[in-house]
Amino acid sequence: MATLATQFKAALTRIEPKVDADNAAEAHKLVTAVLKADGRLKKLGISTFLIGSYGRQVSIKRVKDVDMFVRLEEATDSLRPGEILDHVNDVLEDAFPDQVARQHRSVMIEFPDFDLSVDVVIARPCVDHPTEHWQIPEKVEEDGRANWIETNPVKMSELTTEANDDFLLSGSGVYVPLVKLIRQIRRTWVDEQPGGYYFEVLTYHAFQDLEPHKNTVAGYLCIILREIADRLPDYVTDGPDDPTLDERTITTKATQEQIEAAAERITEAAQLAEDALKEEDICASALKWQELLGKTQQTDEPEFVFALPEACNADGTEKPTGALVKGAPAVPAGRDRYA
């Protein structure tokens, strides 16, 4: 059984969006400063919160957009979605000329120097439900008509933190690293839909239902990926339960055909992971993990996420083991078997 802990640690580093994270933090800071300086938004009790994969710290390279949840804590049910979005659009347009685009339910600000955008989502307190629930605009029509729809994105951030505290590997949280690996596998094996959040929710349910305890990242990845593969066919018509709202399911832009296609691909991926874990030959195993995780995407120079051990050739065979010669300038590469 090849678990290749050193290579998995390096793979997680390779998909970590460090530069993007720094840029996203700066863009968030700039937008927040502008919004909090506006008199009307101040009176409405503005409070910003990062949501989305970046906000939950489960994003992978590259981060192209950041979602900012703008809570208007003093807003009442008289606040109209189209009208407040117009106001926020004007405030941001004044601060960031020619960088702002009004969208159906949010306002987007492009930051070309960072090669990313910030999506500002306005929210008011939920009228009929618990105080921690919020309402965001539904699609705003051209005539300005729109309704509010209930949401609770802050809860998903809390659940992510709790899951990472509950499931450990060598004393550190393993849930967040697994979400990142599952997101990378989705990018490698699935067409555009279902999206990354859909797979993140599937990963969350798999952890909660199985309560796995494994000794390696490879072991966790196999059991979680198999569970997702087994569950996907059940969600052709209705998505998985929304862990943040009772009696709601996750919606997706994916068609039934796309869900079915994703289920087939993830089943193939799960089998490949299981084969990689069972493989006794280190190099053959590493080549399978490399195929599973693919290459970094949307990067200037895509690279394999999972690097083969130095003792392995690119085709998954082992390099000849040379005898150690006294005084030689280098020693034969190790096989990383005991990493």
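Of the 339 residues of the chain, 50% count as buried, where buried denotes a relative accessible area under 20%, exposed one over 50%, and partly exposed a value in between (1.4 Å probe, protein chains only). The structure is a predicted model, in which local features need pLDDT of at least 70 and side-chain atom pairs count only at pLDDT 80 or more, whereas totals for chains, interfaces and linings use all residues. Residues are numbered from 1 along each chain as its sequence is written, and side-chain values use heavy atoms, with hydrogens and water left out. The chain contains eleven helices and nine strands, assigned as DSSP runs (helices, H or I, at least four residues; strands, E, at least two) and numbered from the N terminus. The C-alpha trace spans about 80 × 45 × 35 Å along its principal axes. Among the contacts in the chain with a separation of 6 or more, 64% come from residues 24 or more positions apart, a contact being defined by heavy atoms within 4.5 Å.

Strand pairing was examined around E5 and E2. Two strands are taken to pair if DSSP finds at least two bridges between them. Strand E5 (residues 116-125) is mostly covered, nine of its ten residues being buried. Strand E2 (residues 65-72) runs parallel to E5 and is joined to it by seven bridges. Within this pairing, Phe 69 has Val 121 of E5 as its bridge partner, and Arg 71 has Ala 123. Strand E4 (residues 107-111) is antiparallel to E5, with five bridges between them; here Val 107 stands opposite Val 120. The hairpin of E4 and E5 has four residues between the strands, and Asp 115 in this hairpin takes a positive phi near 55°. An antiparallel pairing over two bridges links E5 with strand E6 (residues 134-137), in which Trp 134 stands opposite Pro 125. Strand E2 is likewise mostly covered, with six of its eight residues buried. Six bridges connect E2 to strand E1 (residues 46-51) in an antiparallel arrangement, and Ile 46 stands opposite Leu 72 of E2.

A nonpolar core is a set of buried Ala, Val, Leu, Ile, Met, Phe, Trp, Tyr and Cys residues joined through side-chain atoms within 4.5 Å. The largest such core has 63 residues, and Trp 289 and Leu 292 have the most contacts inside it. Two or more residues are given to this core by each of helices H1 (5-14), H6 (153-166), H7, H8 (196-210), H9 (217-231), H10 (256-278) and H11 (282-293). Helix H10 provides the largest share, ten residues. Leaving aside neighbours within four places in sequence, Leu 292 is in contact with Ile 185, Thr 188, Trp 189, Leu 221, Leu 225, Ala 269, Leu 272 and Ala 273.

The largest pocket has a volume of about 2200 Å³. Pockets were located on a 1 Å grid over the protein atoms alone, as open sets of points where a 1.4 Å probe fits, with protein on both sides within 12 Å along at least five of seven lines; lining residues have an atom within 4 Å of a point. Grid points are joined across faces, edges and corners, and a volume is the space filled by probe spheres set on the points. Of the 50 residues lining the largest pocket, Asp 67, Tyr 197, Tyr 198, Thr 251 and Lys 253 are the closest to its centre. The elements giving two or more residues to the lining are helix H4 (52-55), E2, E5, strand E7 (148-151), H6, H7 and H8. Strand E2 gives the most, with four residues.

Beyond neighbours within four places in sequence, Tyr 198 is in contact with Leu 232, Tyr 235, Gly 239, Pro 240, Ile 250, Thr 252 and Ile 259. Tyr 198 and Thr 252 are 54 residues apart in sequence, with a C-alpha to C-alpha separation of 7.3 Å. Lys 180 belongs to helix H7 (residues 175-189) and is buried, with a relative accessible area of 6%. A polar atom of the Lys 180 side chain lies 2.8 Å from the backbone oxygen of Ser 59. Neighbours within four places aside, the contacts of Lys 180 include Leu 12, Ile 15, Glu 16, Pro 17, Gln 57, Val 58, Ser 59 and Ile 60.

How values were computed:
Polar contact = N/O pair within 3.5 Å; in protein donor to acceptor, adjacent residues only side chain to side chain.
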